[in-house]
Every structure is written in C-alpha cells, then in structure tokens.
Amino acid sequence: MEIKDFVKETVNEIKSEQFMALKEKLLGEYLVFTFVPEEKITQDIFSEKVCDYFEKLELKIGSSFDKIFQKYVSDWDDIVKRLIPKEPATKKGTVPLPTPRPRKYYERAIEIKNSRSMTIKQKMDYSRIMMCLYMASIDNAEEKEIDDFEFSPTCLKLDRIITAMKAEKPGGLNLPIGKKTMFDLSELYCTDTATFILTMIMFYYIKSNEIIGEY
C-alpha cells in the first residue's frame with residue numbers, strides 16, 4: 001500500500017473527535033508546522049504533513065512504506081507474543097483442553113500478519129487484537145501471561161499503551177532501570193519512531209470505527 005492510500009483511508013477519514021485527539025498527540029513531538037497556526041490545521045493539511053513524514057523516512061532509510069508498516073507489525077508481535085499462554089498440554093487418552101481465548105485471538109492476528117498483502121481492515125483488525133491483548137497485560141502487570149482480555153475498543157487507553165511501550169526491554173527481558181529499551185526514539189526519522197506514530201494513527205482509526213456496545 002502506498003503512503004497516500006494509507007493516509008487517505010486512515011488519517012483523512014477518521015471522525016472529527018478522533019482527528020482532534022490525534023492532532024494533539026502528534027503535533028510538537030512528532031510533527032511540526034512552521035507557519036500554519038494550529039487552529040488552521042485542517043484534516044487535509046494534517047494528512048499532507050503525515051505523508052511528508054513517511055516520504056522523508058522512506059528516503060532516509062531507503063525502504064518502502066510497506067516495509068515500514070511491516071516493522072510496525074513485527075514490533076507489536078514482539079511486544080505481545082511473550083504474553084500469550086501456550087496451548088494446554090493434553091494427556092494421552094483425555095479430551096483436549098480448550099485453547100485459551102488470548103491465544104485464539106493472537107493466532108488470528110498472526111494469520112493477518114502472514115497474509116501477502118494486508119488491507120486497511122486487516123491492518124485495523126491486527127492492531128486492535130494486539131492493542132487489546134497488550135492492554136490486558138498493562139491492567140494486570142503482576143501476571144506474566146494474559147489470562148483473559150477485553151476485545152472492546154473502549155478498554156484501550158493510548159497514554160498507558162505508549163508509556164508501557166517506551167519502557168519495553170528487548171525481548172521482553174526484565175532489565176534494570178536505565179538499561180537499553182526496545183525502542184530508540186532519539187531520532188525522529190527512524191522506524192522505531194514510526195512505530196509509535198503508526199500506533200497512534202491506528203489507535204484513533206480503531207476508535208473512529210468503534211461500534212457502541214460492541215464486544
């Protein structure tokens with residue numbers, strides 16, 4: 001998928017409330033307008049700036065937007081996979097125990113990840129599964145694995161997700177404070193920073209497509 005197509009279907013299409021929240025999150029720390037006052041930054045103008053960011057990133061790293069998005073997908077898998085319970089062991093001659101609900105959803109996400117070309121709906125579905133699973137882990141930090149989780153987008157809290165992501169260690173290792181984290185956000189134009197920007201875009205796209213009462 002080309003950058004313009006992705007932005008057109010996400011940033012440029014999300015509802016007004018979610019757009020305003022996304023704009024607030026990205027302006028200043030990730031995206032900067034030199035001459036346009038914030039109150040005059042329309043959805044079209046903001047979408048153009050998001051396109052500019054990813055186009056500059058493509059040029060800097062010499063890679064396509066598809067590769068950048070694949071990195072986002074892989075990053076989320078790396079964060080979540082260690083939290084997923086394994087298939088329960090079955091003794092010979094006994095009825096197999098049911099697959100844990102978090103594993104069922106995680107395996108569905110991996111099916112999407114391994115598809116040849118992800119549609120925008122698949123991108124949203126993948127992101128929603130991973131974020132909801134991660135949110136359950138954040139809510140129950142004392143648990144090493146996710147016992148169950150809520151699949152409604154209402155459970156998602158972006159600030160808590162971003163804070164937890166910034167604290168993630170490589171491979172999920174419980175390293176001392178001050179040791180290297182999974183994401184290096186010191187550079188604006190790098191794939192780690194792009195993962196955070198894409199996380200915010202997909203979060204608000206999920207919220208924009210939320211169905212009230214959905215579970």
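Predicted model: local features only at pLDDT ≥ 70, side-chain atom pairs only at ≥ 80, totals over all residues.
Val-36 sits in the loop between α2 and α3. With 31% relative accessibility, Val-36 counts as partly exposed. Together with Phe-35 and Ile-45, Val-36 makes a nonpolar surface patch of about 300 Å².

**Surface patches**

- The nonpolar patch consists of Phe-35, Val-36 and Ile-45.
- Patch members must have over 30% relative accessible area, and Val-36 stands at 31%.
- A patch of negative charge on the surface gathers Glu-2, Asp-5, Glu-9, Glu-13 and Asp-66.
- One of these residues, Glu-9, belongs to helix α1, which covers residues 3-9.
- Glu-9 has a relative accessibility of 32% and so counts as partly exposed, since the partly exposed class lies between the buried limit of 20% and the exposed limit of 50%.

**Nonpolar core**

- In soluble globular proteins, nonpolar side chains tend to be buried together.
- The largest nonpolar core in this model has 69 residues.
- Within this core, Phe-46, Phe-54, Trp-76 and Tyr-134 touch the most other members.
- At least two residues of the core come from each of α1, α2 (16-26), α3 (43-61), α4 (65-80), α5 (101-113), α6 (120-139), α7 (158-167) and α8 (191-208).
- Helix α6 gives the most to the core, supplying 12 residues.

**Salt bridges**

- Side chains of opposite charge can pair when their charged atoms come close.
- The whole structure contains 14 salt bridges.
- One of them joins Glu-187 to Lys-60, with the closest N and O atoms 3.5 Å apart.
- Because Glu-187 lies in the loop between α7 and α8 and Lys-60 lies in helix α3, this pair ties together parts that are 127 residues apart in sequence.
- Glu-187 counts as partly exposed, at 44% relative accessibility.
- Asp-78 and Lys-81 form a salt bridge through their side chains, at 3.3 Å from N to O.
- Asp-78 is partly exposed at 35% relative accessibility, and Lys-81 is partly exposed with a relative accessible area of 43%.
- Another salt bridge pairs Arg-82 with Glu-168, whose closest N and O atoms are 2.9 Å apart.
- This pair links distant parts of the chain, with Arg-82 in the loop between α4 and α5 and Glu-168 in the loop between α7 and α8, 86 residues apart.
- Arg-82 counts as partly exposed at 35% relative accessibility, whereas Glu-168 counts as buried at 8%.

**Sequence separation and distance in space**

- Thr-199 lies in helix α8 and counts as buried, at 0% relative accessibility.
- Thr-199 and Met-131 are 68 residues apart in sequence, and their C-alpha atoms are 9.0 Å apart in space.
- Gly-62 is in the loop between α3 and α4 and is exposed, with a relative accessible area of 69%.
- Gly-62 and Phe-183 are separated by 121 residues in sequence and by 20 Å in space, C-alpha to C-alpha.
- Asp-147 is in the loop between α6 and α7 and counts as exposed, at 70% relative accessibility.
- The exposed label for Asp-147 applies because 70% is over the 50% limit.
- From Asp-147 to Ser-137 the separation is 10 residues in sequence and 9.0 Å in space, C-alpha to C-alpha.
- Glu-87 is in the loop between α4 and α5 and counts as partly exposed, at 42% relative accessibility.
- Glu-87 and Leu-97 are 10 residues apart in sequence, with 8.4 Å between their C-alpha atoms.

Methods:
Residues numbered from 1 in each chain as written. Heavy atoms only, no water. Patch = residues over 30% accessible without salt bridge, like charges linked within 9 Å, V, L, I, M, F, W, Y side chains within 5 Å. Areas by Shrake-Rupley, 256 points an atom, 1.4 Å probe, with all protein chains shown as cover. Salt bridge = Lys/Arg side-chain N within 4 Å of Asp/Glu carboxyl O. Lys, Arg positive; Asp, Glu negative; His and termini not counted. Charge placed at Lys NZ, Arg CZ, Asp CG, Glu CD. Helix = DSSP H or I, 4+ residues; strand = E, 2+ residues; numbered from the N terminus. Buried < 20%, exposed > 50% of the residue type's maximum accessible area, 1.4 Å probe, protein only. Core = buried A, V, L, I, M, F, W, Y, C linked by side-chain atoms within 4.5 Å.
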